[in-house]
Amino acid sequence: MAKKAKTTEKEKKKKGKGVCKREYLKITERTYAWFETLFSREQKEAFLNDRNLFAIGAVFSGIACGRLIFRNTGSYIQIIDIFVHERFRNYGLGRGMLRFLLKYAFREKIPVIAYFSDVEGDERIKRFLNKDRLFSIKKVGGFYCRTRSADVKVKELLDLNKKHSKDFSVHMFSSLSPETKKAFFERRYAAGDYMAREAYGKKRLRRFCLYASKGRKINAVVFASLRPDKNIELDYLWARKGAASSAIFLLSEEIKRVIKSKKDLYIYIAAVSPVTEKIVERLLPKREILKRYYRAIFDQEKVYAGIRAIKKKNKK
């Protein structure tokens, strides 16, 4: 994105001193154009239209190269996404934006939370948030996994499908009214299910977004997309408590479609609730866990304790 010459090794060693000055600022309508290329199309639309969505920008040597998107509801702040242009990584810019936000939250006494998924066995994001030990981090329900189509218990899926197919009706999620879709996302979001909006915000074919209902209630939802390698990705599978059969039906419909089109492939699935987690464990016993989900909460009390300790030491 930047038109300036590449950063030299000598500049890199200065790490923010002199010519490599680092700055952080709140992105506003006036400064947005400077950071625009750091936002995806979906993020741009949300940022410009959602009054509760805000962003912090990072500037390195006069170049806009990073942004942190967060939601401020008034009662809490939720970190949505942090991004630094690859040319400017390993300078501490991501941490700088995070500290900029935490200073504001600490001053205003607003809780800060973040829901994220981390690669199994790597946990890079977890280490990033936990470096200064300012966040309390724990696993939440759900995981992202993959399995070969040959390892799917197809017969059990079809039997369950046949058994429950008359219990509810299946429709395209896009057929719901904008108000109903918004209400669904808000409820899932309030429950801490950050994957809901992220999943539907991705570009996908309409026929791969389904929901099962009984009466007026949405019992289960599945959002799917085709990967570049032609494998299918069920990147959001949710079911209401007590509505496992609805989710099984939707899951089996998608898997049947894939297996018919191609025999040997991978199926990627994000199970984001205790109900769907159990369904995936039951039907895909040979799954490979790729990511797990976490929740991080800014531990402001730890900061207060640190400040009190410093004041007590200075008095002595």
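Residues are numbered from 1 along each chain as its sequence is written, and side-chain values use heavy atoms, with hydrogens and water left out. Because the model is predicted, local features need pLDDT of at least 70 and side-chain atom pairs count only at pLDDT 80 or more, whereas totals for chains, interfaces and linings use all residues.

Helices (H or I, at least four residues) and strands (E, at least two) are DSSP runs, numbered from the N terminus. Two strands pair if DSSP finds at least two bridges between them.

Strands β10 (residues 232–239) and β11 (residues 266–271) run parallel and are joined by 4 bridges. L237 stands opposite A271 in β11.

The structure holds 18 aromatic pairs. Rings of Phe, Tyr and Trp (its six-membered ring) pair if their centres lie within 6.5 Å; planes under 30 degrees apart count as stacked, over 60 as edge-to-face and the rest as tilted. The F173 and F223 ring centres are 5.0 Å apart with planes at 75°, so this pair is edge-to-face. F173 is in the loop between β7 and α7 (178–190), and F223 is in strand β9 (residues 217–226), 50 residues apart. Both are buried (under 20% relative accessible area; exposed is over 50%, partly exposed in between; 1.4 Å probe, protein chains only). F184 and W238 are also edge-to-face, with centres 5.4 Å apart and planes at 75°. F184 lies in helix α7 and W238 in strand β10, so the pair ties together parts 54 residues apart in sequence. Both F184 and W238 are buried.

A charge sits over a ring if NZ of Lys or CZ of Arg is within 6 Å of the ring centre and within 35 degrees of the ring normal. The charged end of R95 sits over the ring of F128, 4.6 Å from its centre. R146 lies over the face of Y266, at 4.1 Å from the ring centre.

Most residues other than glycine have a negative phi. S61, in the loop between β2 (53–60) and β3 (63–72), has a positive phi near 55°. N90 has a positive phi near 70°. N90 lies in the loop between β4 (77–84) and α4 (93–108) and is exposed, with a relative accessible area of 71%.
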